[in-house]
Amino acid sequence: MSALKIKKGSTSHSAYNLRPTFSDVEERHTLAVLVENEPGVLARVIGLFSGRGYNIESLTVAEVDHTGHLSRITIVTAGTPQVIEQIKAQLGRIVSVHEVHDLTVEGPSVERELAMFKVAGQGDKRVEALRLADIFRANVVDSTLESFIFEITGAPDKIDAFADLMHPLGLVEVARTGVAALPRGD
Amino acid sequence: MTRQMTGAKMVVQALIDQGVDTVFGYPGGAVLPIYDEIFQQNSIKHILVRHEQGAVHAAEGYARATGKPGVCLVTSGPGATNAVTGLTDALMDSIPIIVLTGQVPTFMIGSDAFQEADTVGITRPCTKHNWLVKETDSLSGVIHEAFHVATAGRPGPVLIDIPKDVQFATGTYTPPKPSTSHYQPQVKGDMEAITELVAAIETAKRPIFYTGGGVINSGPGASQLLRELVDATGFPITSTLMGLGSYPASGKHWTGMLGMHGLYEANMAMHDCDLMINIGARFDDRITGRIDAFSPKSKKAHIDIDPSSINKVIKADIPIVGDVGHVLEDILKVWKSRGRKTNQAAMAQWWSKIDEWKAVDCLKFKQEGKTIRPQYALARLEALTKDHDRYICTEVGQHQMWAAQYLGFEDPNRWMTSGGLGTMGYGFPASIGVQMGHPEALVINVAGEASWLMNMQELGTAMQFNLPVKQFILNNERLGMVRQWQELLHGERYSHSWSESLPDFVKLAEAFGAKGIICSDPDDLDDAIMEMITHDGPVLFDCLVEKHENCFPMIPSGKAHNEMLLGEAETQGVIDAKGSVLV
């Protein structure tokens with residue numbers, strides 16, 4: 001990545017940001033890392049982040065190609081352009097890593113996350129929670145007389161927004177999967 | 001041809017097929033089947049060390065002096081954890097070694113069994129890659145791949161953890177074949193970037209080559225190409241500690257080592273250059289000093305096989321990812337085809353500037369009185385051994401820097417020192433590894449008494465295997481570099497930087513059956529060194545030197561290249577609070 005390259009299709013910033021390589025402005029990037037599906041491979045990747053002091057905002061991992069023994073790790077990280085460039089180079093030299101893609105700069109991409117919210121309450125609050133869930137296209141996956149579990153899928157900021165709304169309505173517990181992402185088009 | 005055999009036999013067969021002639025190791029419960037196979041063959045020599053750390057450093061020394069990967073064999077648990085320092089050392093200095101560890105049987109892993117440790121977990125951050133082999137059928141493939149990973153791209157240490165039941169079980173052995181794994185680092189540099197560099201070479205007014213261990217790791221051919229390029233362009237060249245020997249110290253364009261204790265002319269030229277060509281070095285903090293004042297006026301080209309080295313510390317204007325040998329070949333080809341141009345007029349001026357800096361003679365010293373100065377000891381060692389087929393190892397500290405300054409290296413692979421990790425205790429076992437690789441050569445470990453004591457048990461190894469390594473100890477009864485920093489940074493409060501109760505090194509040598517020599521008088525030094533060289537066997541040379549000597553020149557922490565200290569005068573207070581937090 002050369003200095004002052006106009007960033008294409010960022011998901012978190014304007015597409016017209018100029019980004020000098022040695023800027024000290026922190027950016028959020030979504031990385032897709034294809035790795036050999038073998039024991040310890042996740043430890044290699046997260047050990048790199050902890051050992052070198054990089055941030056992990058979210059991380060998802062699962063096997064995506066059974067015959068090719070490949071897993072896909074999606075990492076959302078934040079850092080200055082220099083740090084992001086280092087993270088990618090460091091990931092690239094792990095022997096078990098096949099490919100590293102920076103979805104934030106490589107073109108438009110889709111990011112999705114799944115979350116479950118347990119909301120407990122009675123009366124108006126319970127009705128309001130259900131109404132908001134409908135607006136957010138969240139599904140009710142469990143229900144008692146005093147609680148719901150909502151399942152919601154969306155971009156991380158949509159899930160954040162839903163969480164903010166559920167808080168005053170009796171939010172008890174949240175589980176989030178972290179971001180999975182794919183580049184758009186072919 | 002595939003064959004059925006036990007896992008233990010596979011290990012030995014795979015090593016033989018990989019061309020291994022020497023293994024450094026220490027047996028234990030979890031590797032007994034492999035030791036049983038070693039007992040029943042004659043192709044591989046096994047060197048029994050006295051501590052597993054020694055095995056790894058010996059393998060490192062062997063690898064660096066021969067250019068072939070070094071191999072170690074140790075047991076599970078403590079055997080593996082004792083190897084960790086050596087693995088980290090090899091990782092920092094990019095040395096190809098293969099460490100085989102025994103492990104408790106697969107069905108006992110995780111049960112806190114006797115001598116069980118999570119070896120792959122512990123060594124994951126200090127190896128280039130590691131494997132736990134759970135099936136005998138995959139063992140030979142993993143070993144062959146381990147040799148590929150250790151030596152391909154930027155070299156480094158790898159570890160294979162082999163449970164005892166996998167060693168006993170029978171499986172299918174597959175002989176080595178060219179690696180088909182996805183790990184195939186790029187060796188050819190980008191031609192567009194290479195052409196850009198050649199264009200910069202043609203017009204540069206104040207160029208300098210800044211070379212590192214990558215040149216040595218790329219093989220002797222890379223050193224040859226470097227010499228051709230340097231001599232053809234007439235550009236000055238400096239090198240890191242790791243790269244000494246890739247260009248000869250007697251060469252016309254040599255300006256000496258650079259960095260914290262580098263030569264004045266090398267550091268000044270780095271600071272003032274307009275084109276810096278970094279070949280296989282990584283802008284280590286010992287080299288750059290203060291980053292924001294590092295060579296402010298130069299365009300920087302950076303050739304490195306590891307993409308993560310580029311832009312890690314210093315922004316490269318012309319980044320070239322590739323193997324040094326391949327890239328140098330292409331640079332020469334393009335430069336020659338474009339008419340071998342350089343800016344001759346500017347070069348003459350640049351050299352006259354460098355000659356002014358050289359005239360400062362930053363390494364000058366006077367040997368006066370009846371106490372040996374360490375610089376004098378090394379100058380005499382250089383004079384009396386330089387015509388020998390000589391290999392030098394060092395420990396870590398002042399003596400290491402003096403050795404780098406006062407000894408001349410004419411060829412690659414003749415200088416073994418712990419650069420990145422700075423491991424005290426490295427040099428003695430490394431010298432054993434070097435001697436195994438070059439049985440007829442003169443192998444000298446320049447040491448400090450404190451470093452040397454860290455792995456002194458290996459004197460037993462040297463004696464048992466008749467390895468005539470020479471231990472040249474500059475004994476100042478101090479942790480010299482620590483003492484120097486305490487003098488400069490901590491108000492001369494010498495907290496725990498001297499050793500009481502040092503051994504009588506002559507008696508210590510004799511206790512192991514080795515030869516001990518003590519020398520304290522400068523007038524006796526030459527004879528004593530000659531006695532050391534001519535003795536057929538290991539020698540412990542106790543050279544009593546000035547106790548309060550400091551190592552100069554020095555770039556103080558947090559300072560720039562052009563702010564070097566040249567000597568004792570006014571060293572107090574030069575390092576400010578910001579600099580003193582640096583190491």
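Modeller: Chain B has a radius of gyration of 24 Å, which agrees with the value near 25 Å that a compact globule of 583 residues would have; the radius is taken over C-alpha atoms, and the globule rule is 2.2 Å times the number of residues to the power 0.38. The model is predicted: local features need pLDDT of at least 70, side-chain atom pairs count only at pLDDT 80 or more, and totals for chains, interfaces and linings use all residues. Residues are numbered from 1 along each chain as its sequence is written, while chains are lettered from A and ligands numbered from 1 in the order in which they are written.

Along the principal axes, the C-alpha atoms of chain B fill a box of roughly 70 × 60 × 45 Å. Chain B contains 24 helices and 20 strands, where helices (H or I, at least four residues) and strands (E, at least two) are DSSP runs numbered from the N terminus. Of its 583 residues, 54% count as buried; a residue is buried if 20 or more other C-beta atoms, placed from the backbone, lie within 10 Å of its own, exposed if 12 or fewer, and partly exposed in between. Among contacts in chain B with a separation of 6 or more, 76% come from residues 24 or more positions apart, a contact being two residues whose C-beta atoms, placed from the backbone, lie within 7 Å.

One helix pair of chain B can be described in detail. The axes of α3 (residues 52–66) and α5 (residues 84–93) of chain B come within 7 Å and cross at roughly 25°, which makes α3(B) roughly parallel to α5(B). Axes are lines fitted to C-alpha atoms, for helices over the stretch in contact, with angles from 0 to 180 degrees between N-to-C directions; those under 35 degrees count as roughly parallel, over 145 as roughly antiparallel, 65 to 115 as roughly perpendicular and the rest as oblique. On α3(B) the contact is made by B:Gln53, B:Val56, B:His57 and B:Glu60, and on α5(B) by B:Thr85, B:Gly86, B:Leu87, B:Asp89 and B:Ala90. By class, this contact has three nonpolar, four polar and two charged residues (Ala, Val, Leu, Ile, Met, Phe, Trp, Tyr, Cys and Pro count as nonpolar, Asp, Glu, Lys and Arg as charged, and the others, Gly among them, as polar).

Most residues other than glycine have a negative phi, and most peptide bonds are trans. B:Ser295, not a glycine, has a positive phi of about 40°; this residue lies in the loop between α13 (285–288) and β13 (299–304) of chain B and counts as buried because it has 23 C-beta neighbours inside 10 Å. B:Asn466 also has a positive phi, of about 60°, and lies in the loop between α20 (459–464) and β18 (470–475) of chain B. With 11 C-beta neighbours inside 10 Å, B:Asn466 counts as exposed. A cis peptide bond, with omega about -5°, joins B:Phe552 and B:Pro553; B:Pro553 lies in the loop between β20 (539–544) and α24 (577–580) of chain B.

As for the partner, the contact takes 14 residues from chain B and 16 residues from chain A. On the chain A side, α1 (41–51) and α2 (81–92) each supply at least two residues, and α2(A) gives the largest share, six residues. By class, that side has four nonpolar, nine polar and three charged residues.
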